[in-house]
Amino acid sequence: MTKTYQKLRDLFGAEVLGLALFLIAVIVVFGVLSPRFLSGANVGSIAFQLPELGLLTLAMLVPILTGGLNLAITFTANISGLTLAWVLQMNGGVDAPTSAFVIGVIAAISVGTLAGFVMGVVIAYIGAHPILVSLAMMIFLRGLGEFLTHGGDISGFPEYVQPIGHGYFVGIPIPLLIFIVGAIVWHVMLSRTRHGFAAYMVGSNIQAAGYSGIHTKRTLTLVYTLSGTMCAIAGIIMLSRFNSVRVGHGEAYILITVLACFLGGVDPFGGFGRVMPVVLALIILQVLSSGLNLLGANQHLATAVWGLFLIGVMVIRWFWHRFAQKQY
Amino acid sequence: MNQPLDNPSGQVVPAIRVRHVTKTFGGVTALDDVSFEVLPGEVHCLAGENGCGKSTIIKIITGVYQPDAGAEIEIFGQKLSAITPTISRKLGIDVIWQDLALFPLMSVAENIAFEGMLGNVPRIARHATLRKKAAEVLTRLGVDLDLEAPLHTLSVAERQIVAVGRALVGDARLVFMDEPTASLTQSETEKLLAIVAKLSSEGVAVVFVSHRLAEVLKISSRVTVLRDGRLVGVYDTDGMTQSHLTELMTGHTFDSVVAAQDRSKAPVVLQVKNLTREGEFNNIDLTVRQGEVVGITGLIGAGRTELGHALFGMTKPGSGEIILNGAPVRFRSNRDAINSGVAYVSEDRLTLGLVQPQSIADNIVLPVLDSILDRFGLISSSKKDKTVRSWIDDLAVKIGEPTDPVTTLSGGNQQRIVLAKWLATKPKLLILDAPTVGVDVGARAGIFEIVRKLADQGLAILMISDEIPEAYFNSDRVIHMAGGEFIGEYDPRSTTISEIEGAVFA
């Protein structure tokens with residue numbers, strides 16, 4: 001038993017294993033309490049809800065690794081979605097050709113990327129604090145979006161947009177597939193590329209990284225630029241899932257993404273954190289909320305349980321840390 | 001000379017006398033039957049390598065730790081069975097820790113006098129009283145500081161003075177100073193030493209903990225040497241030499257042999273002509289050849305580190321030329337310098353030399369990421385492991401696992417990691433800025449062995465050092481820098497160390 005545990009721990013790391021065991025426990029508890037919990041419908045609904053939050057969390061993860069934060073994620077997603085909606089509307093709305101959709105997606109991703117790039121340049125080259133810069137960008141994007149949409153919904157898209165939010169590909173929900181690809185790309189970027197390596201170093205000690213020849217400004221700029229790109233992808237999925245775009249949609253996700261990162265063991269001060277534990281943390285949060293929902297708990301209560309759960313995790317980590325240190 | 005003194009005090013009542021102090025933490029003996037004595041008004045030095053028990057004994061005297069049974073403690077003639085921090089302060093013992101423990105946003109007056117406002121009963125802090133008390137203390141020290149200035153606007157030296165002032169407000173009769181001069185310039189050190197002398201003349205005993213042996217010998221009248229938690233002895237500083245003190249601290253004899261060789265026939269690697277950067281250095285002419293170790297010594301503030309930064313592309317010189325392997329270079333950043341084969345070991349290992357909390361392996365490969373990529377442009381873990389292993393073996397670094405945080409290593413081994421990471425860039429010119437800062441005396445020889453080996457392999461080395469003996473014994477030529485200019489050059493083979501010391505400290 002202990003041997004298998006050690007083998008698994010060496011393979012995935014203690015963080016991932018701990019979260020995975022916890023996830024299994026949560027699934028078992030809810031599975032016993034509610035027969036509908038393990039039904040296809042419920043699993044499907046989790047699979048469809050996870051990706052938006054998941055992609056936004058990936059967008060939040062890397063700025064946190066560099067010791068920063070991107071508070072503009074949801075509004076970057078909104079404004080990117082709005083860009084796509086606008087291109088579709090200009091080209092006939094419901095009857096827009098697929099070419100318009102392709103152009104719209106390219107435009108949406110460009111807009112999200114640009115928003116991230118601007119933030120990155122200001123943070124890296126002006127040296128302004130990421131919280132202030134991204135807060136300013138968030139307010140700018142929100143104001144701009146509300147001005148353009150007059151605070152209302154934009155809807156009426158072609159039929160073929162729907163599957164991106166609701167369809168399946170070889171039995172897997174398409175948004176989930178997009179999220180899985182996003183998570184894999186992020187994982188490879190952080191663990192195997194020069195940029196990812198530099199991001200960790202910049203997050204730990206930007207001065208020492210600079211002395212060692214890391215182009216710290218370029219690294220920071222790229223981190224926020226890619227965060228913007230990821231937001232744009234989330235925005236496109238949100239558009240097709242709700243078949244509409246509204247500025248402010250998903251606003252509540254901002255803090256949840258931060259919490260999912262911390263729950264996944266990302267160091268709030270930067271320098272440490274991996275994609276896989278964060279993804280597991282996201283799944284746990286989503287499973288908790290849907291399980292409570294099935295048990296008939298109020299949605300607000302579910303939010304409260306998330307909060308309690310996060311506090312609990314911090315306390316457990318503290319004990320774990322003490323226990324681990326005593327071993328020496 | 002330099003025999004341990006048996007009982008130098010005799011008639012005087014010592015400020016502190018502790019005997020048979022033993023302290024164990026778990027199974028580790030930090031102090032083993034140590035005795036220690038300080039006379040009133042004496043400047044005493046506590047010397048020893050890191051981990052020898054210096055801070056443990058201070059913490060016992062100030063009541064932070066309780067000694068194991070059997071210890072005798074006597075403070076100003078008063079026998080005590082136990083000390084608590086409160087009793088220790090009441091008896092007039094104060095410690096100025098290296099980090100000073102001051103409040104950066106509060107004013108000078110508040111920092112000096114706030115402790116009078118503490119107590120069990122909440123009190124209203126009266127500003128006028130604070131100012132008055134602080135002003136009195138500063139007058140007593142003979143220094144003039146703006147009482148209203150926020151502490152963070154002061155220089156490190158001025159902050160030291162504030163910390164001393166705070167101790168005096170509490171009527172300290174014995175002050176411990178932990179590495180007080182570590183970050184001071186020479187003239188600031190002089191000022192602080194003058195203040196120490198003044199305190200001593202007023203009957204306040206000062207115990208110095210310092211790594212800078214020259215300073216230790218200059219200021220104190222006696223030195224207590226600890227090694228591995230045991231008392232080596234108490235010595236008079238009259239007639240004590242740095243090398244003898246080093247031997248006592250480490251228990252090894254260091255054969256200080258001049259390593260200089262004639263390299264004047266070797267091809268030139270670095271040539272600097274008339275290099276000037278306003279306010280930092282002027283008209284620097286310098287040649288470093290293959291296999292040559294050129295030492296630059298001088299006082300802190302002479303512009304040595306600034307010159308190093310300019311050669312490493314961190315700053316842009318105003319005028320003059322840098323010629324590397326025969327071609328003039330103009331670095332836009334340190335990345336250009338690294339690519340041209342310049343490496344720079346910073347004097348500040350903590351914030352600049354290493355990415356501290358990250359792993360040993362990551363720190364080594366940090367400047368050479370391009371060399372560990374696979375054919376897809378991704379970092380190859382096998383190439384990374386190979387690079388890391390080969391450097392750790394090559395420099396004989398003692399580590400646990402390459403994935404351990406670099407913070408788990410001792411100063412000497414951390415410095416080897418810094419060397420490894422720069423050597424991995426295959427430099428032609430290696431700039432070492434204070435290469436033994438924070439490295440134990442015993443581990444320094446190992447660092448210089450590596451330096452010499454690298455030179456023999458053909459690397460050109462520019463070594464900046466505060467410690468004149470270090471530069472003297474390990475360089476082929478020693479340059480004296482002062483006020484931003486090169487003002488003298490010495491060949492260690494035909495110069496004595498005291499000639500250079502005389503010139504530098506003149």
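Select chain A and colour it by burial: of its 328 residues, 45% count as buried, a residue being buried if 20 or more other C-beta atoms, placed from the backbone, lie within 10 Å of its own. What is on screen is a predicted model, in which local features need pLDDT of at least 70 and side-chain atom pairs count only at pLDDT 80 or more, whereas totals for chains, interfaces and linings use all residues. Residues are numbered from 1 along each chain as its sequence is written, and chains are lettered from A in the order in which they are written.

Along its principal axes, the C-alpha trace of chain A spans about 65 × 60 × 35 Å.

Next, select the side of chain A that touches chain B, where 16 residues of chain A are in contact with 18 residues of chain B, contact meaning that the C-beta atoms, placed from the backbone, lie within 7 Å. Helix H9 (194–204) and helix H10 (206–211) of chain A each supply at least two residues of this side, and H9(A) gives the most, with five residues. By type, the residues on this side of chain A divide into six nonpolar, eight polar and two charged.

Move on to chain B and colour its domains, whose bounds come from an automatic or database domain assignment: domain 1 (1–91 + 211–253), domain 2 (256–341 + 428–447 + 456–506) and domain 3 (349–426). The C-alpha centres of domain 1 and domain 3 of chain B lie 39 Å apart.

Finally, select the strands of the open sheet in chain B, which has four strands in the order S12-S11-S14-S15 with antiparallel pairing, where two strands pair if DSSP finds at least two bridges between them. The edge strands are S12 (281–289) and S15 (327–329) of chain B, each pairing on one side only. Zoom in on strand S11 (residues 268–277) of chain B, which pairs with S12(B) in the antiparallel sense over six bridges.

Technical notes
Contact = placed C-beta atoms within 7 Å. Nonpolar A, V, L, I, M, F, W, Y, C, P; charged D, E, K, R; others polar. Buried ≥ 20, exposed ≤ 12 C-beta atoms within 10 Å, placed from the backbone.
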